[in-house]
Amino acid sequence: MPLEAAHCCAVIPARDESGRIGSVVAGALRHLPAACVVDDGSRDATRNAARAAGARVLRHESPLGKGTALRTGWLHAIACGHAWAVLMDGDGQHAPDDIPALLAAAGDGSPLVIGARDLAPPAMPWARRATNRWLSQRISRLAGQRIPDSQSGFRVVHLPTLASLPLRSTHFEIESEMCVAFARQGHRVTSVPVRTLYGTEVSKVSPWRDGWRWWRWYRATRRDLAP
């Protein structure tokens, strides 16, 4: 049966998203009782827009990275008594009306449900399509199960299980590390098709800096998992 929304909190990391964060929060609150936005060192009015839309806002005074922002958010959700979190990006690329589908999948017993995007839509830049496919293939091998969109930030996660995992990533490699950590602990990672809304958002991922961070994480993880 579907996971009850009453047990969930939206956790939304955001940096310099004042023009979009309000609609993201409002969309999440159509389906969930609470939303926590972690303002990761924004220089604009992100926190004001998020608060005006109904979110609880936590702020990092300087950018600490998506992984750190997510951790701040999920620890807050745990402290508030939530058992589950819906993780969403703050740039508006996730459709909040897909939240019920993710909750339904989580109700089948999976502690990690990933909203899998269509990796071949016309609006998705070709370089991003190719990169996401390549990364997902490698994460699937490390995880020992197929994960078609390992880089999707749209997820439902069981917070007590998440808190028990030794996650260390502070930036965008957190999505990959989370997939592998859940799978290697014997958990099934479920994927559900979701829409992706591409507009004028600008990715915060730095191809060189974040690519190097991911590669270092990947090499270390592959070495640690080697028989």
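**Exercise 1. Work out in which order the strands of the open sheet lie, and which strands sit at the edges**.

Solution. Step 1: in this predicted model, the open sheet is built from 7 strands, and reading across gives the order 3-2-1-4-6-5-7. The pairing in this sheet is mixed.
Step 2: look for strands that pair on one side only; these are strand 3 (56-60) and strand 7 (189-194), the edge strands.
Step 3: follow the sheet across, and you will find an average twist of 25° from one strand to the next.

**Exercise 2. Find how strand 5 and strand 6 run relative to each other, and name the bridge partner of Val 113**.

Solution. Step 1: locate strand 5 at residues 112-117 and strand 6 at residues 155-158.
Step 2: the two strands run antiparallel, with 3 bridges joining them.
Step 3: take Val 113 and cross to strand 6, where its bridge partner is Val 156.

**Exercise 3. Identify the strands that helix 1 touches as it packs on the sheet**.

Solution. Step 1: find helix 1 at residues 21-29.
Step 2: helix 1 is in contact with strand 1 (8-14) and strand 2 (35-40).
Step 3: compare directions; that of helix 1 makes about 170° with that of strand 1.

**Exercise 4. Describe the largest cavity and its lining**.

Solution. Step 1: rolling a probe the size of a water molecule over the atoms shows where empty space is left.
Step 2: searching the whole structure turns up 1 cavity of 30 Å³ or more, and the largest cavity holds about 30 Å³ of space.
Step 3: now list the lining: Lys 66, Leu 70, Leu 87, Asp 89, Gly 153, Arg 155, Glu 175 and Met 178.
Step 4: sort these residues by class, and you get 3 nonpolar, 1 polar and 4 charged.
Step 5: check the helices; helix 3 (66-79) and helix 7 (174-184) each give at least two residues to this lining.

**Exercise 5. Say which helix gives the largest share of the lining of the second largest pocket**.

Solution. Step 1: start with the space in the second largest pocket, about 370 Å³.
Step 2: this pocket is lined by 16 residues, and those closest to its centre are Pro 166, Arg 168, Glu 177, Trp 217 and Thr 221.
Step 3: two elements supply two or more residues to the lining, helix 7 and helix 8 (209-225).
Step 4: the largest share, 6 residues, belongs to helix 8.
Step 5: finish with the classes in this lining: 7 nonpolar, 3 polar and 6 charged residues.

Key
Residues numbered from 1 in each chain as written. Predicted model: local features only at pLDDT ≥ 70, side-chain atom pairs only at ≥ 80, totals over all residues. Heavy atoms only, no water. 1 Å grid on protein atoms, 1.4 Å probe; cavity = no way out; pocket = protein on both sides within 12 Å on 5 of 7 lines; lining within 4 Å. Points joined across faces, edges and corners; volume = space filled by probe spheres on them. Helix = DSSP H or I, 4+ residues; strand = E, 2+ residues; numbered from the N terminus. Nonpolar A, V, L, I, M, F, W, Y, C, P; charged D, E, K, R; others polar. Pairing = 2+ DSSP bridges. Axes fitted to C-alpha atoms, helices over the stretch in contact; angles between N-to-C directions. Contact = heavy atoms within 4.5 Å.
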